[in-house]
Amino acid sequence: METQTIKNKETATKVTERITGSEAIVRCLIEEGVKVLYGYPGGAIMPVYDELYKYQDKIHHVLTRHEQGATHSAQGFARISGEVGVAIATSGPGATNLITGIADAQIDSTPMVCITGQVPSHLLGSDAFQETDIVGISTPVTKWNCQVTKASDIPAVIAKAFFIARSGRPGPVLVDITKDAQFNELDFAYEKCTKVRSYVPVPKTVSGTLEAAAKLINEAKKPMIVWGQGVVLSEAEAVFKAFVEKSGIPAAWTILGASALPTSHPLNVGMLGMHGNYAPNKLTNECDLLIAIGMRFDDRVTGDLSKYAIQAKVVHFEIDPAEIDKNVKTDVAVLGDAKASLTSILPLINENSHTDWHQEFKDLYAIEYEKVIKDDLYPTKEGLTMGEVIHQINMHSNGDAAIVTDVGQHQMIACRYAEFNKTKSNITSGGLGTMGFGLPAAIGAKMAAPEREVVSISGDGGYQMTLQELGTIFQQKAAVKVVVLNNEFLGMVRQWQQLFFDKRYASTEMINPNFVAIAEGYYIKARKVTKREDLAGAVKEMMESKEAYFLEVCVEKEGNVFPMVPSGASVSDIRLS
């Protein structure tokens, strides 16, 4: 390996090595601290895999069973660790199979770098075998993307990719690298990227906005906090808790914000949104000040925007200027990183308790408990409920487990009833609502945090979209606990068909395979529960297992998730039945 010394623009000397582009890619990943990446080999990315083989002692490649599984695993890894997740695939179908996970990461602000192989540069545009314009395809769903055709460009592009992915509001980046760029040589030296011209990841806080926000907060009689994932992404949990406790303001969360404040905290008043808790949804339209922190006013949270919190002043703490006034008109916008902004405003906030206002939340919770929660968690009817399964998991996890969900009824039930004592414990697909997310994301989460209990919870529909990743669990010996809540329906769609389409269950009933046999085919211990008297023992056995475990629980076929805000309705119109 040839080395030489060159001078950069600042005249400082840099020692370089003459290596191939493929080796440079692997070396760049190592320089960025990547220890695990997820992917699937193929012709256009084979030179990189050859180098990964040589660097097995420094970087661990996880062979997923589908490229979509690679992106979801990278997402799970990123969400629980706070680091950049990495996925790698070949050209053509390999690259296009990444798109769902990339789109999911984009809308949920997950830092991820995807590297794809591409046909040699002289074949670009010729419809060569497995050629796809992945840069064009991924442009709408990436924070940034780039195609590399020269080996010499690889270090700078990958450095930029990691900087953009993790800085400011995080997101996915895709780097497409032609096969000749992988084979050709370059003088390699790596320098991490710390800035990009015209890119401002964290906007400056506008002068006076902190003081204006504090004035509104201190004067409010019925203030309410709504927080999202921005609190988690900025690692602002401690100062956020201090802000909530000093102000005494009831705080409600979006599903991606869950776990930033412990579930049991007395000022945590529950989940917002279509299947959120009764009190925070109803009282959104009765508060006099809405304090939004690191959330984007998604339609699932707001319902009918023309009737959403129109009586309230709005203070919005947000890192992304594009989110200000996008959906909800803001009275005071506090731009910047949530941790920095909350730290700065904390001394300006008066201590308060808002006792009478809190009582209104407690009164509405009591109504929800009697009409919904009691029957979900402690049912007297014959069929098993999803809620009692989550309750049993809570009893064994003590709120310390990371719960990774798929998308559907089980997701809403898990988010509503799982206990979270640690941050980064609720890992789910929020904005895109990707069925099939749960199982591969749980693999990434477990590999990022092997010391934590990781429980994947899926419905029978979404589970079958990526169940082949059981093979990844087996090969990697990842001790993921896999729970399938089987109601033999695409449950969420069926619920809508029941309520709004006169029970016309069009294409939602599932004729399912033997899930236990499939899990056992992957050499994973498995059990099926159909009776209530067997549930507690089965959950205990699963949670005490030191290895991967599959548990199928047959729940009531036509159980519904309530409360529910009908699509397009006001949050005030939330239904309890």
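Trainee: Which way do the residues of β8 point, and are they buried or exposed?

Mentor: P172, L174, D176 and T178 point one way from β8, while V173, V175 and I177 point the other way, and all are buried. Buried means under 20% relative accessible area, with exposed over 50% and partly exposed in between, using a 1.4 Å probe and protein chains only. Strands here are DSSP E runs of at least two residues, helices are H or I runs of at least four, and both are numbered from the N terminus.

Trainee: What sort of model is it?

Mentor: It's a predicted model: local features need pLDDT of at least 70, side-chain atom pairs count only at pLDDT 80 or more, and totals for chains, interfaces and linings use all residues. Residues are numbered from 1 along each chain as its sequence is written, and side-chain values use heavy atoms, with hydrogens and water left out.

Trainee: Back to β8, then. Which strand pairs with β8 over 7 bridges?

Mentor: That's β6 (residues 112-118), in the parallel sense, with V113 standing opposite V173. Strand β7 (residues 144-148) also pairs with β8 in the parallel sense, over 5 bridges, and there C146 stands opposite V175. Two strands pair if DSSP finds at least two bridges between them.

Trainee: New topic: the largest nonpolar core. Which residues touch the most other members?

Mentor: I225, W227, I293 and I345, out of 99 residues in that core. Helix α15 (residues 355-377) gives the largest share, 6 residues. Such a core is a set of buried Ala, Val, Leu, Ile, Met, Phe, Trp, Tyr and Cys residues joined through side-chain atoms within 4.5 Å. Apart from it lies another core of 41 residues, including L29 and V157.

Trainee: What does I293 touch?

Mentor: Leaving out residues up to four places away in sequence, I293 touches I225, V226, W227, G228, V231, F240, F243, F317 and L342. Contact means heavy atoms within 4.5 Å.

Trainee: And E388, where is that?

Mentor: E388 is in helix α16 (residues 386-397). E388 is buried, with a relative accessible area of 6%.

Trainee: Last one: what's the strand order in the open sheet of 6 strands?

Mentor: The order is β17-β16-β18-β19-β21-β20, with parallel pairing. The edge strands, β17 (426-427) and β20 (525-529), each pair on one side only. Strands β19 (residues 481-486) and β21 (residues 549-554) pair over 6 bridges, and the bridge partner of V484 in β21 is E552.
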